[in-house]
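Here are some worked exercises to go through with the model open on your screen. Try each task before you read its solution.

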Amino acid sequence: MRKGLLIILSGPSGVGKGTVRRYIMDNFNLEFSYSISMTTRPIREKEVDGVDYYFVSQEEFQRNIDEGNFLEWEEFVGNRYGTPKDKVEELRNKGKNVLLEIEVNGATEVMNKVNDDRVVSIFLMPPNLQALENRIRRRKTESEEVIRSRLEKGKKEMKMSDRYEYVVLNDDVSRASQEIVDIIKARIKRK
Ligand code: 5GP
């Protein structure tokens with residue numbers, strides 16, 4: 001059986017990766033599983049443990065690093081985030097497509113590590129920096145200091161968008177989602 005696609009969706013914090021992913025899940029006939037990451041970040045009000053992330057302590061995260069359980073992990077603005085390895089492999093080996101929503105350093109590591117030709121990398125780009133800032137602020141989940149750090153990090157990440165096969169502009173959620181679905185469907189068809 002052919003391995004499922006590994007779809008990497010990156011982009012700066014606040015660009016709307018989660019919104020686009022949920023829009024695709026709700027509005028398109030495209031089968032993929034979302035890989036739930038592990039994080040040490042405190043849970044936000046609307047988040048659900050085991051749905052948005054597995055929220056764990058520093059100790060538990062470290063234990064998973066030591067046991068080699070991550071495909072990749074990174075520190076991002078003071079917190080750690082990692083992709084559990086076994087689940088991704090298990091799903092892909094069953095022919096299921098898996099989507100990772102991760103930041104640029106982790107994405108680069110995955111691109112280097114997973115060297116089969118069934119990896120698709122997509123960078124979601126905000127229309128401008130103001131739009132990014134507005135979105136992060138509207139979320140009302142982070143302190144001013146964290147907002148600033150996330151924006152700085154986002155600017156650096158945008159400069160690394162050329163590492164990806166595709167850059168999709170998030171000027172409109174339904175348009176951007178359609179573009180991403182088209183990219184993925186074309187790739188599924190490719191031998
Ligand atoms: P947030 O705190 O806003 O949920 O996530 C911060 C950043 O970490 C986002 O860019 C998000 O996509 C990224 N991220 C989430 N999970 C992972 C992961 O498992 N690995 C890596 N490298 N980044 C992740």
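**Exercise 1. Two crossing helices**

In which hand does H1 pass H7?

Solution. Before starting, note that this is a predicted model, in which local features need pLDDT of at least 70 and side-chain atom pairs count only at pLDDT 80 or more, while totals for chains, interfaces and linings use all residues. Residues are numbered from 1 along each chain as its sequence is written, and side-chain values use heavy atoms, with hydrogens and water left out.

Step 1. Find H1 at residues 17-27 and H7 at residues 173-189. Helices (H or I, at least four residues) and strands (E, at least two) are DSSP runs, numbered from the N terminus.

Step 2. H1 passes H7 in a right-handed crossing. A crossing is right-handed if the near helix is turned clockwise from the far one by less than a right angle, and left-handed if anticlockwise.

Step 3. Look at the geometry: the two axes come within 9 Å and cross at roughly 70 degrees. Axes are lines fitted to C-alpha atoms, for helices over the stretch in contact, with angles from 0 to 180 degrees between N-to-C directions. H1 and H7 are therefore roughly perpendicular to each other, a label for angles of 65 to 115 degrees.

Step 4. List the residues in contact (heavy atoms within 4.5 Å). H1 contributes Thr19, Val20, Tyr23 and Ile24, and H7 brings Val173, Ser174, Ser177, Ile180 and Val181.

Step 5. Sort them by class: the contact of H1 with H7 has six nonpolar, three polar and no charged residues. Ala, Val, Leu, Ile, Met, Phe, Trp, Tyr, Cys and Pro count as nonpolar, Asp, Glu, Lys and Arg as charged, and the others, Gly among them, as polar.

**Exercise 2. An arginine in H1**

Is Arg21 buried or exposed?

Solution. 

Step 1. Arg21 sits in helix H1.

Step 2. Arg21 is buried, because its relative accessible area is 9%. Buried means under 20% relative accessible area, exposed over 50%, and partly exposed in between (1.4 Å probe, protein chains only).

Step 3. Leaving aside neighbours within four places in sequence, Arg21 is in contact with Phe32, Tyr34, Leu99 and Glu101.

**Exercise 3. Helices H5 and H6**

Which residues of H5 meet which residues of H6?

Solution. 

Step 1. H5 covers residues 129-139 and H6 covers residues 144-159.

Step 2. From H5, Leu129, Leu132, Glu133, Ile136, Arg137 and Arg139 meet Glu144, Ile147, Arg148, Arg150, Leu151, Lys155 and Met158 of H6.

Step 3. By class, the residues of the contact of H5 with H6 divide into six nonpolar, no polar and seven charged.

Step 4. The axes of H5 and H6 come within 11 Å and cross at roughly 145 degrees, and the crossing is right-handed.

**Exercise 4. Salt bridges**

How many salt bridges does the count come to?

Solution. 

Step 1. Apply the rule: a side-chain nitrogen of Lys or Arg lies within 4 Å of a carboxyl oxygen of Asp or Glu. The count comes to 21 salt bridges.

Step 2. One of them pairs Lys3 with Glu89, with the closest N and O atoms 3.3 Å apart. This pair links distant parts of the chain, with Lys3 in the segment before strand E1 (6-10) and Glu89 in helix H3 (residues 85-93), 86 residues apart. Lys3 is partly exposed at 25% relative accessibility, and Glu89 is partly exposed at 30%.

Step 3. Arg148 and Glu133 also meet in a salt bridge (3.6 Å, N to O). Arg148 is partly exposed at 42%, whereas Glu133 is buried at 18%.

Step 4. Arg150 and Glu142 form a salt bridge at 3.7 Å, N to O, and both residues are buried. Salt bridges that share partners join Arg41, Arg44, Glu47, Arg139, Glu142 and Arg150 into one network.

**Exercise 5. Positive phi**

Solution. 

Step 1. Most residues other than glycine have a negative phi.

Step 2. Val77 has a positive phi near 45 degrees. Val77 lies in the loop between strand E5 (70-76) and strand E6 (79-84) and is partly exposed, at 25%.

Step 3. Lys140 has a positive phi near 50 degrees. Lys140 lies in the loop between H5 and H6 and counts as exposed, at 72%.

Technical notes
Parallel < 35°, antiparallel > 145°, perpendicular 65-115°, else oblique.
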